[in-house]
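We will go from stop to stop, and at each one you will hear what to look for.

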Amino acid sequence: MTVKLQIIGGGLAGCEAAWQAARRGIEVELWEMRPGKMTPAHSTGYLAELVCSNSLRSDSLENAAGLLKHEMRRANSLIMQVAERCRVPAGRALAVDREEFAAGITAAIEAEPGIRIIREEVQEIPRSRPVIIATGPLTSPTLANSLQSFAGAQYLYFYDAAAPIVTAESLNYDRIFKASRYGHGDDYLNCPMNKEEYERFYQALLAAERHPGHEFEKEAIFEACMPIEVMAARGPDTLRFGPLRPVGLIDPATDKEPYAVVQLRRDNLAGTLYNLVGFQTNLRWGAQEQVFRLIPGLEHAEFVRLGVMHRNTYIDSPRLLRPTLQLRTHPQVFLAGQLTGVEGYLESAASGLLAGINAARYIKGKQPLVLPSTTALGALIQYITEPSHAPLQPMHVNFGLLPPLEQKIKSRRERNRALSARALAAIVTIEEFSGN
Ligand SMILES: Cc1cc2nc3c(=O)[nH]c(=O)nc-3n(C[C@H](O)[C@H](O)[C@H](O)COP(=O)(O)OP(=O)(O)OC[C@H]3O[C@@H](n4cnc5c(N)ncnc54)[C@H](O)[C@@H]3O)c2cc1C
């Protein structure tokens, strides 16, 4: 055993980080405030409680979430091991019995000799010892204050109001034109609508089912940007004077200003992902795909992320974090989980895995790892820490984050398999991921 590592937060990320560090001979103190102090979403004292769905998503190598799981298994992920043991039938997805899952993680962490669990809220970020902060989307307010004064108040967000993101390759360019308003370049992709198309879209938007949300989310909703469906409910033309305004845009197909325009903005440097400008929304996920595919050019769009509006504490990682998950200004402080701007159970656990490995390396005087961007985990971490992505909008893992293959493959399934094969070939060359 060597120097103590403090890990704050015993959720998906904190547990995986603790396991990885302890397995590398680091003595770990894992601080979890529940059950003494609960969050608004957790309901038990178990570590790694799943607060909503019981699915860790696809387990197929044709899906980026499946690839990420395979990469984590190579590093003997605790979350993956326990998930396998309490798997429930869910087709190609890895879904778990939530109680057995959280109880299984809790038992494994309790039984790990290198980890001591301390059931207490941490109120201040320690400044003089190696620490991983993994307190999640519902970080306790006192610790959030400490993080604000540590990292800069302007770099900590409490609310996630994000628009959907689509892949560039899934768009119909017969309907879309490139242009910025008033002829100032061609940075945006524009989806023009005539009156009939607008009215059809508008009616569908009003009728679409909304997500009920939690009480603590409803309170915050109007502090952030307004959801597109709430704006639409104010009147039939509100959107045409707001995010769908056509002014300054001429459709080359008609040589006229369209009746309305949905603009898509580049979401990554490679230009493989685009977000729907102004489309933060609280619609149910199924309803979003149905309604947004009525937008000309988006008929067959692949949504790598749907719109969300919920309470979420996260930092502006592009400004604050290195791709090793260390704070740029304080290399002994690592961050992991949803707090870094990754989104989802799986992504949070995966970032915890890297933080645990890297904190152990740091304590042993070794260089922390930067994973190649051809791997799912490397691409995700590079996305959230790439300075040009500031201010950050949280992100799920998806194939649009990985650099394209050298040769073009038309079939999406084949292409995804080839991306996975390239990623796994890269990951096995990394010693820390050569466990299985
Ligand atoms: C309402 C809600 C629903 C969600 N639904 C889904 C879903 O269906 N699917 C999905 O993939 N993701 C969902 N998410 C996102 C989900 O929270 C994350 O994916 C995942 O739990 C994040 O893992 P984490 O380890 O970063 O945080 P968490 O799992 O939340 O773990 C953080 C831990 O830190 C503890 N903690 C907080 N502050 C302190 C402190 N000061 N001192 C000590 N301990 C502290 C908390 O008690 C908690 O146990 C949801 C989030 C919310 C808020």
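The tour visits the ligand, then a pocket, then a sheet.

A word on ground rules: this is a predicted model, where local features need pLDDT of at least 70, side-chain atom pairs count only at pLDDT 80 or more, and totals for chains, interfaces and linings use all residues. Residues are numbered from 1 along each chain as its sequence is written, and side-chain values use heavy atoms, with hydrogens and water left out.

**Stop 1: the ligand.** Select the 33 residues around the ligand; Glu32, Ser140, Gln338, Gly344 and Tyr345 come nearest (around here means a heavy atom within 4 Å). Now zoom in on Glu32: an N or O atom of its side chain is 2.7 Å from a ligand oxygen atom. Tyr345 brings a backbone N or O atom to 2.8 Å from a ligand oxygen, and Ser53 has one at 3.1 Å from a ligand oxygen.

**Stop 2: the second largest pocket.** Next, select Arg265, Asp267, Asn275, Pro391 and Gln393, which among the 19 lining residues lie nearest the centre of this pocket. (A pocket is an open set of points on a 1 Å grid over the protein atoms alone, where a 1.4 Å probe fits, with protein on both sides within 12 Å along at least five of seven lines; lining residues have an atom within 4 Å of a point.) Colour by domain: domain 1 (2–159 + 311–433) and domain 2 (165–306) each give the lining at least three residues.

**Stop 3: a sheet.** Finally, show Val88, which stands opposite Ala95 in β5.

Terms used
Domains from an automatic or database assignment. Pairing = 2+ DSSP bridges. Helix = DSSP H or I, 4+ residues; strand = E, 2+ residues; numbered from the N terminus. Polar contact = N/O pair within 3.5 Å; in protein donor to acceptor, adjacent residues only side chain to side chain.
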